[in-house]
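These are notes for a colleague who is opening this structure for the first time. Please read them with the model on screen.

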Amino acid sequence: MATGRGLPIAAGAVCAALTMALYPWIPNGPFNLGSLFQTFLPWAGLSIPVLLLAAAIRRSRLAAVAVLAPLTVWACLFGGTLTDKRSERSERSGGTNLTVVSHNVDEENPDPARTARALAASGADVLALEEMSSKATPAYERELAAGYPYRSDTLGVRLWSKHPLNDVEAVPIMPWTRAVRATVETPGGPVAVYAAHLASVRLTPDAGFTTARRNDAAQKLAAAVRAEPLPRVVVMGDFNGTAQDSALRPVTSQLTSAQHEAGAGFGFTWPAAFPMVRIDQILVKGMSATSAWTLPATGSDHLPVAASLRL
């Protein structure tokens, strides 16, 4: 087996390992390729079987050994994600629990009433719904009224709760309402709950991955969370970005991902027909998640996300 025949594959393996290991420092550049790579970071692991196959075809021991580098990096990044942390944390939990659900219900959802019933059936204490259209709002109000007597009257992004809501106000992250904050008066004490829908992103040939408006909204949301006086905080919604995206670090660095702390697997949420990324988040501070999961498809192009939190 000639060593030289495997050198290009080995070099590719080293490059793949370094790119994954150094992902937080990949610069965005003019086309925001750093954010794009970070968004799909878990899928970088697909390079491993491709490189391994290439090493087998070239019959190169050097290349096969080199593939251990990206495999090790990927395992360090995501190996813990593949474990189911829900049961273990639930068994250790005590005190008062608060269950929350966040869902981009999709303004083009063909059956909002069915979606509302599915969300009510989740048993969540608090629902955060994004992309609420004025046309569909009456259906949600009708279906959720019995189980959720308290709600915000904000447009686009709304909260429904089984517990009283106080100090409800829009959070100015964009020129129109895309975030709302409320104090939820739970049996275990007050919790500040933020529901947010950061600006959409687009991938175009001429502009690349357009994230400027989303990143600006994230900065403003981060400032609001930083100024929050209550010690227990939940921030949830459609972030149009993943927890690995360094552009969202102003928000994510202040909080803990419920899915990372107490979920099973990656919890991908979009697109609902074949989820590839988790852009819908539940982030917490001052409390811990005991379980996190995604709910079944509802007719939206996103899957709902849920978490049980120990107060």
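1. Terms for the helix pair. An axis is a line fitted to C-alpha atoms, for helices over the stretch in contact, and angles run from 0 to 180 degrees between N-to-C directions. Helices (H or I, at least four residues) and strands (E, at least two) are DSSP runs, numbered from the N terminus. This is a predicted model, in which local features need pLDDT of at least 70 and side-chain atom pairs count only at pLDDT 80 or more, while totals for chains, interfaces and linings use all residues. Residues are numbered from 1 along each chain as its sequence is written, and side-chain values use heavy atoms, with hydrogens and water left out.

2. Helices α7 and α8. Helix α7 (residues 112-121) packs against helix α8 (residues 137-144) at an angle of about 35°, and the axes are 8 Å apart. On the α7 side the contact (heavy atoms within 4.5 Å) is made by Pro-112, Ala-113, Thr-115, Ala-116, Arg-117 and Ala-120, and on the α8 side by Ala-139, Tyr-140, Glu-143 and Leu-144. By class, this contact has 7 nonpolar, 1 polar and 2 charged residues. Here Ala, Val, Leu, Ile, Met, Phe, Trp, Tyr, Cys and Pro count as nonpolar, Asp, Glu, Lys and Arg as charged, and the others, Gly among them, as polar.

3. Thr-137. This residue is in helix α8. Is Thr-137 buried or exposed? Thr-137 counts as buried because its relative accessibility is 13%, where buried means under 20% relative accessible area, exposed over 50%, and partly exposed in between (1.4 Å probe, protein chains only). Not counting residues up to four places away in sequence, Thr-137 touches Met-132 and Arg-158.

4. Largest pocket. The space in the largest pocket is about 560 Å³. A pocket is an open set of points on a 1 Å grid over the protein atoms alone, where a 1.4 Å probe fits, with protein on both sides within 12 Å along at least five of seven lines; lining residues have an atom within 4 Å of a point. Grid points are joined across faces, edges and corners, and the volume is the space filled by probe spheres set on them. Of the 28 lining residues, Phe-78, Ala-243, Gln-244, Ser-257 and His-260 lie nearest the centre of the largest pocket. The lining has 12 nonpolar, 13 polar and 3 charged residues.

5. Second largest pocket. This one holds about 440 Å³ of space. It is lined by 21 residues, and Val-201, Arg-202, Asn-240, Trp-270 and Ile-279 are the closest to its centre. By class they divide into 8 nonpolar, 7 polar and 6 charged.

6. Backbone points to check. Trp-270 is joined to Pro-271 by a cis peptide bond, with omega about -10°; Pro-271 is in the loop between α11 and β12. Asn-32 is not a glycine, yet has a positive phi of about 55°. Asn-32 is buried, with a relative accessible area of 18%. Glu-131, also not a glycine, has a positive phi of about 65°; Glu-131 lies in strand β2 (residues 126-132) and is partly exposed at 21% relative accessible area.
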